[in-house]
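Dear colleague,

Please find the structure below, handed over for your records. My notes on its pockets, strands and core follow.

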Amino acid sequence: MKKAIFTIVTLLTIVACKNNSKTTSDSAIQTETIIKYPSDVIPFMDKWKILLGDGTHKDSLVNYAKDDFFYVENDGEIDWVVYKTPNSGITSRTSSNTRTELGEKTHWIPETGGKLTGTLKVQHVSTTGDATAASSYSVVIGQIHSDEGHENEPLKIYYKKFPGHTKGSVFWNYEINTEGDNIGRFDYSTAVWGYDFSVVGSSSKDYPKEPEDGIALGEEFSYEVNVYKGIMYLTFTRENHKTVQFTKSLINSEFATREDIPEQVLRVYANRDKGDGVEREIAYAGEINYFKQGAYNQANAKSTKSETYGGDIAKQYVNGSYAEVWFKEATLGSGVDPNKE
C-alpha cells in the first residue's frame with residue numbers, strides 16, 4: 001500500500017419499531033474512502049520543500065504524497081511517513097546520490113541555530129555495493145547543510161548495514177570546512193551504535209565483522225539536533241539502551257592545523273589529501289545553513305559500484321537497489337539552551 005487509506009462507515013439511519021415481541025431495524029450504510037497524507041502524520045510539512053528520487057521538486061507539502069517515494073504506511077498499530085529513493089534516479093546539482101528528502105525553507109546561521117528531532121526506523125538500504133567504499137550500503141537520515149562557501153555538511157546522520165549482517169550502524173559525520181578553494185572534502189565520523197564511517201571491508205565483497213552493539217533494520221530510534229549559540233548538541237535514544245550525547249562547536253574549529261587533523265581523516269582520504277586540508281578557524285561561523293530530513297541514499301553506480309539496473313526505478317525497487325526510511329514523529333523549531341530543557 002502506497003498511501004494509508006481508511007474506510008469510514010457512517011450509519012445514516014436506524015429505524016426501530018416494536019411489533020408485539022419483535023423489533024425490526026432498517027439501516028442505510030454509506031462508505032467514504034479517505035487518503036492520509038504525510039502532513040496528517042507529521043504536521044510540520046508546511047516548513048519544508050522536498051526533492052524526490054525521480055527528480056520531482058515540490059514546495060508545498062500539505063496534503064501532498066507521491067506513490068513509491070513519499071507516502072503514509074501503517075504498520076498495524078500507527079502511521080509512518082515513508083521516504084523511499086532508488087540507487088539511481090535524478091539527483092540534485094551538487095550530488096551523485098538520489099534522495100527523497102525534506103529541505104528546510106528557513107535558513108539560519110549557527111549563532112542563531114535551530115532544532116530538529118526525528119523518531120524513525122530504517123527499513124532498507126542498498127544490498128549491492130563495494131565494501132571498500134565507505135558510503136556503500138548506507139543512507140543519510142538527517143543533515144545540516146550549508147548554503148554558502150563550499151556548501152558542505154556540518155552534520156550528516158547515517159544508518160549503514162553490510163549485506164548478510166543482522167545489525168547495522170548509526171554514526172554521524174562532521175565535514176571539515178576547509179580553507180581556500182579546490183580543496184577536497186573531508187568528513188570526521190563518530191559512532192553512535194556500531195561502527196563509524198571509516199570501517200570498511202578489506203575487499204569489494206569482504207565485509208567486516210558484524211558490530212556487537214549495532215542496530216537492526218526496522219528497529220526504532222530517535223535523534224535530536226539542537227544548535228544553540230553556535231554549539232551543536234546531539235542526542236540519540238533507543239529502547240533499552242543508554243542515551244548517547246555529543247557536543248560539537250560549529251563556530252570554533254578543532255581542525256585548524258595539520259596536527260589537529262585526526263588519523264581517521266588522513267587514512268580515509270589519503271588519496272585526495274594534498275597536505276593543505278585544514279579547517280577555517282571559525283569553522284561555519286556566520287555561514288547560512290538549513291536542516292534536511294528523510295532518505296538521502298548513499299549508493300550509486302560510480303563511487304559505491306551499486307547496481308542500478310540502467311536507472312529503471314521499478315527494477316531497482318524489486319531487486320533491493322534502494323533506501324527506505326520511516327518516520328513516525330519529527331519536530332522543527334528554534335535552538336534551545338540545553339541546560340534549561
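A pocket, as the word is used here, is an open set of grid points with protein on both sides within 12 Å along at least five of seven lines, and its lining residues have an atom within 4 Å of a point. Please note that the model is a predicted one.

With that definition, the second largest pocket is lined by 20 residues, and Lys 49, His 57, Ser 92, Tyr 290 and Lys 292 are those nearest its centre. Two or more lining residues come from each of E3, E4, E7, E9 and strand E17 (289–297). Strand E7 contributes the most, with four residues. The volume of the second largest pocket is about 430 Å³, and its lining comprises four nonpolar, seven polar and nine charged residues.

The largest pocket has a volume of about 770 Å³. Its lining has 33 residues, with Asn 97, Ser 135, Arg 185, Arg 272 and Gln 298 lying nearest the centre. By class, nine of the lining residues are nonpolar, 15 are polar and nine are charged.

The largest cavity has a volume of about 60 Å³. Among the residues that line the largest cavity are Lys 160, Phe 162, His 165, Tyr 195, Asp 196 and Pro 211. Strand E11 (residues 167–175) gives the most to this lining, with three residues. The lining of the largest cavity divides into four nonpolar, three polar and four charged residues.

I turn next to the strands around E3. Strand E3 (residues 48–51) runs antiparallel to strand E7 (residues 99–104), and four bridges join the two. Strand E3 also pairs with strand E4 (residues 57–58), again in the antiparallel sense, over two bridges. Ile 50 takes part in both pairings: it stands opposite Leu 102 in E7, and its bridge partner in E4 is Lys 58. The hairpin of E3 and E4 has five residues between the strands, and within this hairpin Gly 55 takes a positive phi near 95 degrees.

Tyr 137 has a positive phi near 60 degrees and lies in the loop between strand E8 (114–124) and strand E9 (138–146). For Glu 151, phi is positive at about 55 degrees, and this residue is found in the loop between E9 and strand E10 (155–160). Are these two residues buried or exposed? The relative accessible area of Tyr 137 is 0%, so Tyr 137 is buried, the cut-off being under 20%. Glu 151 has a relative accessible area of 24% and is therefore partly exposed, since this value falls between the limits of 20% and 50%.

In soluble globular proteins, nonpolar side chains tend to be buried together. The largest nonpolar core here has 66 residues, of which Trp 172, Val 225 and Phe 236 touch the most other members. Strand E18 (residues 322–333) supplies the largest share of this core, with six residues. Leaving aside neighbours within four places in sequence, Val 225 is in contact with residues including Gly 114, Leu 116, Ile 144, Leu 155, Ile 157, Met 232, Leu 234 and Phe 291.

With kind regards

Technical notes. Residues are numbered from 1 along each chain as its sequence is written. This is a predicted model: local features need pLDDT of at least 70, side-chain atom pairs count only at pLDDT 80 or more; totals for chains, interfaces and linings use all residues. Side-chain values use heavy atoms; hydrogens and water are left out. On a 1 Å grid over the protein atoms alone, a cavity is a set of points where a 1.4 Å probe fits but cannot get out, and a pocket is an open set with protein on both sides within 12 Å along at least five of seven lines; lining residues have an atom within 4 Å of a point. Grid points are joined across faces, edges and corners, and a volume is the space filled by probe spheres set on the points. Ala, Val, Leu, Ile, Met, Phe, Trp, Tyr, Cys and Pro count as nonpolar, Asp, Glu, Lys and Arg as charged, and the others, Gly among them, as polar. Two strands pair if DSSP finds at least two bridges between them. A nonpolar core is a set of buried Ala, Val, Leu, Ile, Met, Phe, Trp, Tyr and Cys residues joined through side-chain atoms within 4.5 Å. Buried means under 20% relative accessible area, exposed over 50%, partly exposed in between (1.4 Å probe, protein chains only). Contact means heavy atoms within 4.5 Å.
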